[in-house]
Amino acid sequence: MTTPILEIRNLHARIEDREILKGVNLTIPAGEVHAVMGRNGSGKSTLSYVLAGKEDYEITEGEVLLDGQDLLAMEPFERASAGLFLAFQYPIEIPGVATMTFLKAAMNAQRKARGEGEMTTPDFMRAVKQAGTELNIDTEMLKRPLNVGFSGGEKKRAEVLQMALLQPKMCILDETDSGLDIDALQVVSKGVNALRSAGRSMLVITHYQRLLNHIVPDVVHVFSDGKIVESGDKDLALQLEAKGYADFDGAAA
Amino acid sequence: MPTSTARQPKMRQTMPVRLNAAEETLIAQLKAIGANAEAERITVAGLPTRRVESYHYTDLKMLLKAIPPQAAAANEASAPALRVAGAYQLMIANGVIQSASTAPAGVIVGKAEGGVLSTRDDVLVHLNGAFAKESLTLTLESSVDPVIQIDRRAEGAAAHVTDSVKVFVADNASAVIIETFSGSDAAHVGNHGTYMALGKNAVVTHITVDLSARAATHFASNEYHLADGAKLRTLVINAGAGLSRTQLFPRYEGAGAHGDITGLNLVSDGQHADITMDALHAVPGTTSQPLFKSIARGHGKAVVQGKLVVARDAQKTDAKFMHQGLMLSDEAEILSKPELEIYADDVVCGHGSTCGKLDEDSMFYLMSRGIPKEEAETMLVRGFLEELVDPIEDEALAEALHGIIDGWLLGGK
Ligand SMILES: Nc1ncnc2c1ncn2[C@@H]1O[C@H](COP(=O)(O)OP(=O)(O)OP(=O)(O)O)[C@@H](O)[C@H]1O
Ligand SMILES: [Mg+2]
């Protein structure tokens, strides 16, 4: 059996005194795309932050392996170089840091961590230009400070651009579809699909079945009150859309 | 020649103040050059303490421990602290103006006796006037292409160095002037004066950078006079001396005059840096945008005081003082004091101040892309300062300034 890209075992996490993740179990084999759907506040973003290494959470139980390595023992920047990427639900605006400068710093930092040399500026520019064209991103936008003044949809596209440039093993997309217009949804989905490959896995968090028509998942999970309560194939998303969450988690809507 | 008049200070106390070593030395040095009125002033009032409003956070009596002997002519020179490619260089070492290469078109270089600053109720200004033997004068008759760099040094053994520079900028002329303060690694006390008069519609960028040794004390007072339509941008960087205070006295004296008065304190453990602005909007229709930033780490202490005075007729003045502090440690201190003194009624004036640490969400975002912690911090700090460096259009100059900031960031605690 080959090592799954991501393996989460009985993960519990709390913030201050409140337990938010209450025993998450999830295995994503190489090459698969898994979707996670669940009510607002059920803990989906918390799961993505805990995986990426945000400090605010205390992990009380469980373990996470990224390609067999102990993910929770790594610093956030080490997780990224090890191949984890989180497309944020709410990308952060950073005034004073030009997007291009940031992209170059991120790519070179990861290359350095893997023992590769720095990218030359022409190679970098070419890579950005190509990825930008595929995602309909005007390179003018990338001269602006990181995410500052980007529209909601532009921010999401910029997240996928970063993902395309960094070529992670494990992509977590937290509501990347929210805020996208119909055309942008197509463009972004195309960009994400282009990244699907045998060695790369994805965890796609969404509220809308529509996204899953574009990015067709191998497995759909229903997330409720800090854990996965149901898993199935892509039709599970259709059932959810038709019936709502109550049938799956027993709680009132 | 001392420029001050022998006005007796008002006796507020019945007992004379107890003088410390620095005050005793200053008095002796003043008497030695016949500046008896200045000597008397120090004897009676001493150096300012925190009870003096404009020195509230920079108690000179407490902070200034000793005054080294008066500087003798410098025999050697340390390496330049900052090189700006393509700049026209002038040097003053230990208060003595050094001969310079041929001036670029539009620049007349000269010398005058004594100091340059107008009299005002401030001890550093008084001392500069009393001790300055000669001043460098620059007359800019028309726009000057190369950046002008005035390299002001304190060399050799610890010395009390006083120097002064006067710049006249003709109507419609433009220039970029950078003054750097540096020298040997010794407990110098430098007192520097710069007087700058901008003619009508003149456009000037004036940058001053303190890169003195940590053992040194750096005092600078910059006085600016702006005629109609003149535009001034300043950038003060306090990044060297253990104790530094840069005083900015812009005076908006012609309609349409505008000042982007900016400054930056970079302080590490054991350093105390102060930028104090006292601006006068003297006539109707002048504007200014004072923007200061401070970054402090270790037990460093940064002070920014900003006073906006709007004269009775100076209607339609538009001025806002802003200070932003960034604390890189829990022990650092960043202090800010705005003051508005407004005698006109139809003005838009204000002040604002923020102080905080690096934003955690921003740090996490950068690190989540693989950027290590220290590099992420550096990026955010650079981002914080971009607003100050970005308006500097000359590329070599902007690069040199980035170099100073990066050097400080790499300099550790
Ligand atoms: N810093 C915090 N302090 C206290 N509670 C928090 C904090 N951050 C998140 N929570 C709580 O944790 C719960 C899970 O939040 P999370 O953002 O993970 O939900 P989600 O499933 O992503 O929701 P949505 O679909 O709305 O994005 C929510 O009830 C939220 O209020
Ligand atoms: Mg969420």
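A polar contact is a pair of N or O atoms within 3.5 Å; within protein, one must be able to donate a hydrogen and the other to accept it, and residues adjacent in sequence count only if both atoms are side-chain atoms. Gln89(A) supplies such a pair, with a polar side-chain atom 3.1 Å from an oxygen atom of ligand 1.

The model is predicted: local features need pLDDT of at least 70, side-chain atom pairs count only at pLDDT 80 or more, and totals for chains, interfaces and linings use all residues. Residues are numbered from 1 along each chain as its sequence is written, chains are lettered from A and ligands numbered from 1 in the order in which they are written, and side-chain values use heavy atoms, with hydrogens and water left out.

## Ligand 1

| Residue | Protein atom | Distance to an oxygen atom of ligand 1 |
|---|---|---|
| Gly43(A) | backbone N or O | 3.0 Å |
| Gln89(A) | polar side-chain atom | 3.1 Å |
| His207(A) | polar side-chain atom | 2.8 Å |

Taken alone, ligand 1 exposes 640 Å², and the protein buries 67% of that. Accessible areas come from the Shrake-Rupley method with a 1.4 Å probe; for residues, only the protein chains shown count as cover.

The shell around ligand 1 holds 14 residues, the closest being Gly41(A), Lys44(A), Ser45(A), Thr46(A) and His207(A). A residue is near a molecule or strand if one of its heavy atoms lies within 4 Å of it. By class, the shell has 2 nonpolar, 8 polar and 4 charged residues. In this scheme Ala, Val, Leu, Ile, Met, Phe, Trp, Tyr, Cys and Pro count as nonpolar, Asp, Glu, Lys and Arg as charged, and the others, Gly among them, as polar.

Strand E2 (18-28) and helix H1 (44-52) of chain A are the elements that give two or more residues to the shell around ligand 1. H1(A) gives the most, with 3 residues. Helices (H or I, at least four residues) and strands (E, at least two) are DSSP runs, numbered from the N terminus.

## The magnesium ion

Which residues coordinate the magnesium ion (ligand 2)? The donors are Ser45(A), through OG, and Gln89(A), through OE1, at 2.0 to 2.2 Å. The pair links distant parts of the chain, 44 residues apart: Ser45(A) belongs to helix H1 of chain A, and Gln89(A) to the loop between strand E6 (84-87) and strand E7 (94-98) of chain A. Donors are N, O and S atoms within 2.8 Å of the metal (3.2 Å for Na, K and Ca); water is not among the atoms, so sites may look incomplete.

Both Ser45(A) and Gln89(A) are buried. Buried means under 20% relative accessible area, exposed over 50%, and partly exposed in between (1.4 Å probe, protein chains only).

## Cysteines of chain B

Cys349(B) is partly exposed, at 23% relative accessibility. Cys355(B) is also partly exposed, with a relative accessible area of 46%. Over all chains the count of disulfides is 0, a disulfide being a pair of cysteine sulfur atoms within 2.5 Å.

## Positive phi in chain B

Asn94(B) has a positive phi of about 45° although it is not a glycine. Asn94(B) sits in the loop between strand E1 (88-93) and strand E2 (96-97) of chain B, and is buried, with a relative accessible area of 8%.

Asn172(B) likewise has a positive phi, near 65°. Its loop runs between strand E6 (160-169) and strand E7 (174-183) of chain B. Is Asn172(B) buried or exposed? Asn172(B) counts as exposed because its relative accessibility is 55%.

## Separations along the chain and in space

Lys61(B), in helix H3 (residues 60-63) of chain B, is partly exposed at 23% relative accessibility. Lys61(B) and Pro48(B) are 13 residues apart in sequence, and their C-alpha atoms are 6.0 Å apart.

Ile67(B) lies in the loop between H3 and E1 of chain B and is buried, at 8% relative accessibility. From Ile67(B) to Ser184(B) there are 117 residues in sequence and 16 Å in space, C-alpha to C-alpha.

Met367(B) is part of helix H5 (residues 360-367) of chain B and counts as buried, at 9% relative accessibility. Met367(B) and Leu388(B) are 21 residues apart in sequence, with 25 Å between their C-alpha atoms.

In chain A, Lys169(A) occupies the loop between helix H5 (152-166) and strand E9 (170-174). Lys169(A) is partly exposed, at 27% relative accessibility.
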